Amino acid sequence: MADVKKIATRDSYGAALAELGAERPDLIVFDADLAGATKTGTFKKAFPDRHFNCGIAEGNMITVAAGAAAMGLVPFASSFAMFAAGRAFEQVRNSIGYPHLNVKIGATHGGISVGEDGASHQCCEDFALMRSIPGMVVISPADDVEARAAVKAAYEHKGPVYLRFGRLAVPVFHDEASYKFEIGRGEVLQDGGDVAIIANGLLVNEALEAGKVLAGAGIHARIINMATIKPLDEELVLKAARECGKVITCEEHSVIGGLGEAVCALLSEKCPTPVRRIGVNDQFGHSGPAAALLKQFGLSAEHIVEVAKEFCGK
Amino acid sequence: MTASEKKQLMAMACKVRMGVIEGTHAAKAGHPGGSLSAAELFTYLYFKELNVDPKNPRWEDRDRFVLSKGHTAPGLYAALANRGFFPVEDLLTLRHIDSYLQGHPNMNTVPGVDMSTGSLGQGVSAAAGMALAAKYQNKSCRVYTLLGDGEIQEGQVWEAMMFAAHYKLDNFCAVIDNNGLQIDGRVADVMSPYPIPEKLRAFGFEVAEIDGHDFDQIEGAFKQAKTVKGKPFAIVMATTKGKGVSYMEGQAGWHGKAPNDQEYETAMAELRARLAEVEAM
C-alpha cells in the first residue's frame with residue numbers, strides 16, 4: 001500500500017474535460033473565477049476559445065449555461081460545491097432542472113476535506129439540495145479512475161447531472177483497464193454477509209480500509225461504492241439489506257438529505273433494516289488540515305470500524 | 001414601415017390584448033398589467049422582427065426570444081397563438097389544470113417558447129448564454145429578451161448585463177418594459193432602479209430610449225440594434241401598465257389580478273372599439 005497513487009478528483013475532472021473536449025466540439029466550459037482550483041483551467045489551456053469565465057457570479061453562470069444548452073451545446077459549469085449547488089440552487093432548480101436542460105454541473109471542493117478555508121466553503125448539503133430536484137442525476141465519484149469515467153458518462157447522458165469532486169488527493173483503487181462506470185449502478189468492492197457498508201466519495205476508500213480491519217475481527221462486511229446517489233441503485237441496496245441484515249452508510253455530507261437518507265427512505269418502504277449513518281452530524285465544519293478534520297468528524301476507517309463493531313455486537 | 005403595415009401591427013396589438021384579457025379572465029388569475037404594457041413589443045417581435053417558423057418552432061437557426069419577465073406569459077401566448085404556433089382558442093385554457101399553457105412559460109410544453117422562465121432575473125442570463133452559444137456555433141440568429149423594470153432589481157440581471165458586454169454579444173438585445181409599477185406599488189418607491197439607460201450604458205450597452213407603444217419608434221430601435229457591433233444593445237421603453245384597458249391603466253393593482261365577468265366585458269368592449277377604430281384608419 002505504500003506506493004498507492006493519490007489524485008484529487010478535481011484534477012481528474014479537469015483532465016477528463018480536456019480529453020473529452022478533443023473529440024466533442026459541442027462541449028463548452030463555464031467557470032466563475034475558480035478555473036485554477038476547479039481545474040477547468042486544464043481544459044482552458046487546451047481549448048481557450050471554449051472556456052468562458054463568468055466572473056464571481058455563479059447564479060448568472062448557471063443560467064447562462066442553461067441558455068447555451070438550449071442552443072444544443074453541452075455545457076459544464078463549475079464552481080465550488082458551496083456556490084454551484086448552494087448559492088445557485090434556485091438557478092439550478094428553475095433554469096436547468098425544470099426545463100430539464102443538458103447542463104453538467106462540475107462542483108469541486110465538496111465536503112469538509114476542503115480543509116483550511118473552513119465552514120463557509122465546506123459544503124455538506126449539496127447532495128440534499130441536488131437530490132431534491134426532479135430529473136437531476138447526482139454523482140460523487142470515489143477516485144481518479146471513477147471520476148474521469150463519470151465525467152464521460154455525464155457527457156453522454158441527456159439531461160442535467162451534478163458531479164461532486166474533492167480538493168484532497170485520495171488513493172486510486174480502481175483499475176482503469178477493467179473499470180466500467182454506469183450512472184445509477186453501484187459497485188460491490190468486497191463481498192460479505194455480516195454488514196453492508198455503502199459509501200461514496202472519499203469514504204469508499206475508508207470503507208475498504210475498514211473492511212480489512214473488520215475481517216480481522218471476524219466481521220465480513222460487504223463494501224459497496226454508491227457513486228450515483230440519484231438515481232439510487234435500489235436493487236443493489238435491497239439485496240445487500242436482505243443478505244446482510246445491517247446497513248452502514250458513509251458520506252462526506254450531512255447525515256441529513258444525502259446518501260444515508262436516500263438509503264433509509266428506500267429500506268423503510270421496501271425492506272426495513274437497521275441502519276447506521278456515518279456523515280457530518282448536523283453541524284458546520286471548521287478550519288484545519290483535511291486529514292485531521294476527516295478524523296475529527298468521524299469520516300475515517302477507524303470510525304467505520306467502531307460503528308460496525310458496535311452494530312454487530314462485537 | 002408602410003402605413004398599411006403599421007395599421008396591421010396596431011390591429012394585431014389589439015388582438016394580443018384581447019388574448020390577454022380572455023386568457024386571464026378564463027384563468028381567473030394571471031398578470032394582465034405587464035402583458036398589456038408589452039403588447040406592442042410582443043406584436044412587433046412576432047409579426048415583424050423575429051425570424052421564426054410557426055410550422056417548425058424548434059428550427060435551429062431561428063431567432064430566440066426569452067421572456068425574462070415570465071409572469072407576462074399571457075401576452076407572449078397571445079402573440080404566439082395569433083402568429084400560428086398554436087390555436088388561439090387554447091388561450092382560454094391558460095393556467096388550467098393539465099393545460100400546456102402554464103402560468104409561466106414552459107419551453108417543453110408551449111410551441112414557440114424558447115426558454116422556461118418565471119423566476120425573475122434568470123431569463124436574461126439564459127438569453128445571454130444563447131447569444132454566446134450562437135456566436136460559438138457561428139449562427140447568425142439574434143437573441144432578444146424582455147425584462148420588467150421591477151425585475152431589474154434582481155442582482156442577477158446586472159451579472160447578465162456585465163456578461164453580455166464582456167463577451168461583446170452584439171447579437172443580444174435586452175428590452176426593458178419601464179411601466180413604472182410593480183406588485184407593491186411604484187417602482188420608484190419600492191426600490192428605485194433609476195436611471196436605467198445610464199446604468200445600462202455604464203455596463204457597456206448601446207441604449208435606445210423609446211415610447212413602447214409607438215411602432216415607428218420600436219422599429220427604429222430594433223433597426224439600430226442591428227447596426228451596433230462589438231457591444232450588446234438595450235431598448236428602454238416607456239410604457240403604461242395595463243395599456244388599452246381604461247380601468248387597468250397605471251394601476252399597480254392590476255399587476256397580478258384577473259378581470260371578473262363585468263370587468264371582462266368592459267375591457268373587451270374597449271378593445272373591440274379600438275380594433276374597429278384601427279381597422280377604419
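## Contact between chains A and B

In this predicted model, chain A meets chain B through 23 residues of chain A, which are in contact with 24 residues of chain B. Two elements of chain A each give two or more residues to the side that touches chain B: helix 4 (58-70) and helix 6 (89-97). Helix 4 of chain A supplies the largest share of this side, nine residues.

The side of chain A that touches chain B can also be described by residue class. It has 13 nonpolar residues, nine polar residues and one charged residue.

## A five-stranded sheet in chain A

Chain A contains an open sheet of five strands, arranged in the order 9-11-10-13-14, with mixed pairing. Strand 9 (187-190) and strand 14 (275-280) of chain A are the edge strands, and each of them pairs on one side only. From one strand to the next, the twist averages 25°.

At the edge formed by strand 14 of chain A, the pairing is with strand 13 (residues 247-254) of chain A; these two strands run in the parallel sense and share five bridges. Within this part of the sheet, A:Ile248 has A:Arg276, in strand 14 of chain A, as its bridge partner.

## The helix packed on the sheet

Helix 11 (residues 259-270) of chain A packs on the sheet. The strands that helix 11 touches are strand 10 (195-199), strand 13 and strand 14 of chain A. The direction of helix 11 makes about 145° with that of strand 13 of chain A.

Terms used: Residues numbered from 1 in each chain as written. Chains lettered and ligands numbered in written order. Predicted model: local features only at pLDDT ≥ 70, side-chain atom pairs only at ≥ 80, totals over all residues. Pairing = 2+ DSSP bridges. Helix = DSSP H or I, 4+ residues; strand = E, 2+ residues; numbered from the N terminus. Axes fitted to C-alpha atoms, helices over the stretch in contact; angles between N-to-C directions. Contact = placed C-beta atoms within 7 Å. Nonpolar A, V, L, I, M, F, W, Y, C, P; charged D, E, K, R; others polar.
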